[in-house]
Amino acid sequence: MAKAIRFHQTGGPEVLKFEDVEVGAPGPGQARVKNLACGLNFIDTYHRSGLYPLALPAILGVEGAGVIDAVGTDVTHLTLGDRVGYAAAKPGSYADTRVVAATTVVRLPDAIDFDRGAAMMLK
């Protein structure tokens, strides 16, 4: 289980709920990231408001940074414990753990902290 900020209907900030969500094991070509920071972008408000619809319930956020805690088969560029950043094709970074396509994940140099790693991926 993970904690996430999720919404079940579109609207203003009041629709956001802090909830437990299931996070499975990564499949082939995927990695599971323990998020330590997530990027905030204006598009998140478009998703929440319904201007850019998502299947509900949904978790906002496409940028994140954290530590790899599992990898699926066929993932060779990431290992357990790697410090990483990502910009995922699907929202879901407003969670403490998530599964993403490994192709969206890069290792962070030690000189880049998690906050900067999460904020820089779409810039």
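This is a predicted model: local features need pLDDT of at least 70, side-chain atom pairs count only at pLDDT 80 or more; totals for chains, interfaces and linings use all residues.
Residues are numbered from 1 along each chain as its sequence is written, and side-chain values use heavy atoms, with hydrogens and water left out.

### Overall picture

Along its principal axes, the C-alpha trace spans about 40 × 30 × 20 Å. Of the 123 residues, 45% are buried, where buried means under 20% relative accessible area, exposed over 50%, and partly exposed in between (1.4 Å probe, protein chains only). Among contacts with a separation of 6 or more, 68% come from residues 24 or more positions apart; a contact means heavy atoms within 4.5 Å.

The protein contains two helices and eight strands, and along the sequence they follow the pattern β-β-β-α-β-β-β-β-β-α. Helices (H or I, at least four residues) and strands (E, at least two) are DSSP runs, numbered from the N terminus.

Let's start with an open sheet of three strands, which has the order 2-1-4 and antiparallel pairing. Its edge strands are strand 2 (17–21) and strand 4, each of which pairs on one side only. Two strands count as paired if DSSP finds at least two bridges between them.

| Strands | Sense | Bridges | Facing residues |
|---|---|---|---|
| Strand 3 (30–38) and strand 5 (63–71) | antiparallel | seven bridges | arginine 32 and alanine 70 |
| Strand 5 and strand 6 (83–87) | antiparallel | five bridges | glycine 64 and tyrosine 86 |

As background for reading these pairings, side chains in a regular strand alternate between the two faces of the sheet.

### The largest pocket

The largest pocket holds about 400 Å³ of space. On a 1 Å grid over the protein atoms alone, a pocket is an open set of points where a 1.4 Å probe fits, with protein on both sides within 12 Å along at least five of seven lines; lining residues have an atom within 4 Å of a point. Grid points are joined across faces, edges and corners, and the volume is the space filled by probe spheres set on the points.

The lining has 22 residues, and Lys90, Pro91, Gly92, Arg98 and Val99 lie nearest the pocket's centre. Strand 4 (58–59) and strand 7 (97–101) each supply at least two lining residues, with strand 7 giving the most, at five. By class, the lining has 14 nonpolar, four polar and four charged residues. Here Ala, Val, Leu, Ile, Met, Phe, Trp, Tyr, Cys and Pro count as nonpolar, Asp, Glu, Lys and Arg as charged, and the others, Gly among them, as polar.

### Two residues up close

Methionine 1 lies in the segment before strand 1 (2–7). Methionine 1 is exposed because its relative accessible area is 64%. Leaving aside neighbours within four places in sequence, methionine 1 contacts Asp20, Val21 and Glu22. From methionine 1 to glycine 92 is 91 residues in sequence and 14 Å in space, C-alpha to C-alpha.

Alanine 101 belongs to strand 7 and is partly exposed, with a relative accessible area of 36%. Beyond its neighbours within four places in sequence, alanine 101 touches Gly29 and Gln30. Alanine 101 and alanine 87 are separated by 14 residues in sequence and by 9.7 Å in space, C-alpha to C-alpha.
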